[in-house]
Amino acid sequence: MSDLQLDWLEKWASGDFISDLATGRPAPETLAELPVAGQPAALDEAALSHCLADAFHPGCEVTWPIRHRSLFRGPLRFRRRPADVPEPDYGLVLTPAVALGDQGPLSGLAPGDLTRWMAVPWQTDTGTCRSAFRMFHTSESLPTFWPAHVPNQVLSEADYQVALDPGQPLTRRQEAFATRRDWFRGLGNDPNNMVTEFHQLGVIEARPGPADGVPLPARMFVESKPDLPLPENQPDPAATSSGPGGDRHEAGRLNPDPAGTT
């Protein structure tokens, strides 16, 4: 955490703040509850409050250019390139000297200029980040990169259906719920395959849990597609896991979100 964040927390912990809990207005639940003049700022806050920020290397919403003061005309305000001024042709090689120069691409922004530095699709970046773990022979599911935005391991559709099935023994249902599949399993060993295999990634959906009162969560987060076949030449994780169905973490311990995602 930054020194500023730590300072705020220390003041809060010591009681050095103004308590407006009893007198403050409740937060609006819809945009329409705000005055029209306040709605643009609310939209900005709604988008930015979900961002990760911090290092921007490579970043999730925006990457390294955001660190440079040349992008800004004032606090939190970007410097714009006039609409009638086209961006120069920088040639075949964009050198650091040109990129950071007074007339370079970071001297003013047009629509799309902030995100054009990202991977396409941007999730390729997180796949590349995780690939570094292989060099150290550690787990690729360590929650170090964007864990709130990009799942490492997921509850699959097939395991979810077993967890819901009242015809299955309770231990089997609990085992199925505790099973986690690698979210990147459809991409093989190269995270850059995401460029061509993006459709192999599931979307995480909130689903209702069992309705028959068994001790399982009432709400689960499930990968929105059937199980994928294992890529060629990739070992079956079930062969080395503690049970059938793939890598399994005990819900509520290694998995910080017991409803289905790591």
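Asp113 is found in the loop between α3 and α4, and Asp113 is buried at a relative accessible area of 6% (buried is under 20%, exposed over 50%, partly exposed in between, with a 1.4 Å probe and protein chains only).

**Basis.** I note that this is a predicted model, in which local features need pLDDT of at least 70 and side-chain atom pairs count only at pLDDT 80 or more, while totals for chains, interfaces and linings use all residues. Residues are numbered from 1 along each chain as its sequence is written, and side-chain values use heavy atoms, with hydrogens and water left out.

**Chain.** I listed seven helices and six strands in the protein chain, taken as DSSP runs numbered from the N terminus (helices H or I, at least four residues; strands E, at least two). Along the sequence I read the pattern α-α-β-β-α-α-β-α-α-β-α-β-β, and of the 262 residues 30% count as buried.

**Gln153.** I then turned to Gln153, which lies in strand β3 (residues 153-154) and is buried at 2% relative accessibility. The side chain of Gln153 makes a polar contact of 2.9 Å with the side chain of Asp182.

**Cores.** Which residues make up the largest nonpolar core? I found eight: Leu155, Tyr160, Ala163, Phe177, Val214, Leu216, Met220 and Val222, where such a core is a set of buried Ala, Val, Leu, Ile, Met, Phe, Trp, Tyr and Cys residues joined through side-chain atoms within 4.5 Å. The elements giving two or more residues to this core are α5 (157-164) and β6 (219-223). I also recorded a second, separate core of seven residues, among them Val150, Phe184, Leu187 and Leu201. Back at Phe177, I saw Arg180 over the face of the ring, 5.1 Å from the ring centre (NZ of Lys or CZ of Arg must be within 6 Å of the centre and within 35 degrees of the ring normal).

**Aromatic pairs.** I counted two aromatic pairs, by a rule that takes rings of Phe, Tyr and Trp (its six-membered ring) with centres within 6.5 Å, planes under 30 degrees apart being stacked, over 60 edge-to-face and the rest tilted. Trp64 and Trp117 form an edge-to-face pair, 5.2 Å centre to centre with 65° between the planes. This pair links distant parts of the chain, 53 residues apart, with Trp64 in the loop between α2 (39-48) and β1 (72-74) and Trp117 in the loop between α3 (96-99) and α4 (123-131). Trp64 is partly exposed at 29%, and Trp117 is partly exposed at 26%.

I put the volume of the largest pocket at about 940 Å³. A pocket is an open set of points on a 1 Å grid over the protein atoms alone, with protein on both sides within 12 Å along at least five of seven lines, and lining residues have an atom within 4 Å of a point; points are joined across faces, edges and corners, and the volume is the space filled by probe spheres set on them. Of the 20 lining residues, Leu48, Ile66, Leu76, Phe78 and Leu114 are closest to the centre. α2 gives the most to the lining, with three residues.

**Leu76.** I checked Leu76 separately, in the loop between β1 and β2, and found a positive phi of about 60° although Leu76 is not a glycine. Leu76 is exposed, with a relative accessible area of 74%.

Key. A polar contact is a pair of N or O atoms within 3.5 Å; within protein, one must be able to donate a hydrogen and the other to accept it, and residues adjacent in sequence count only if both atoms are side-chain atoms. On a 1 Å grid over the protein atoms alone, a cavity is a set of points where a 1.4 Å probe fits but cannot get out, and a pocket is an open set with protein on both sides within 12 Å along at least five of seven lines; lining residues have an atom within 4 Å of a point.
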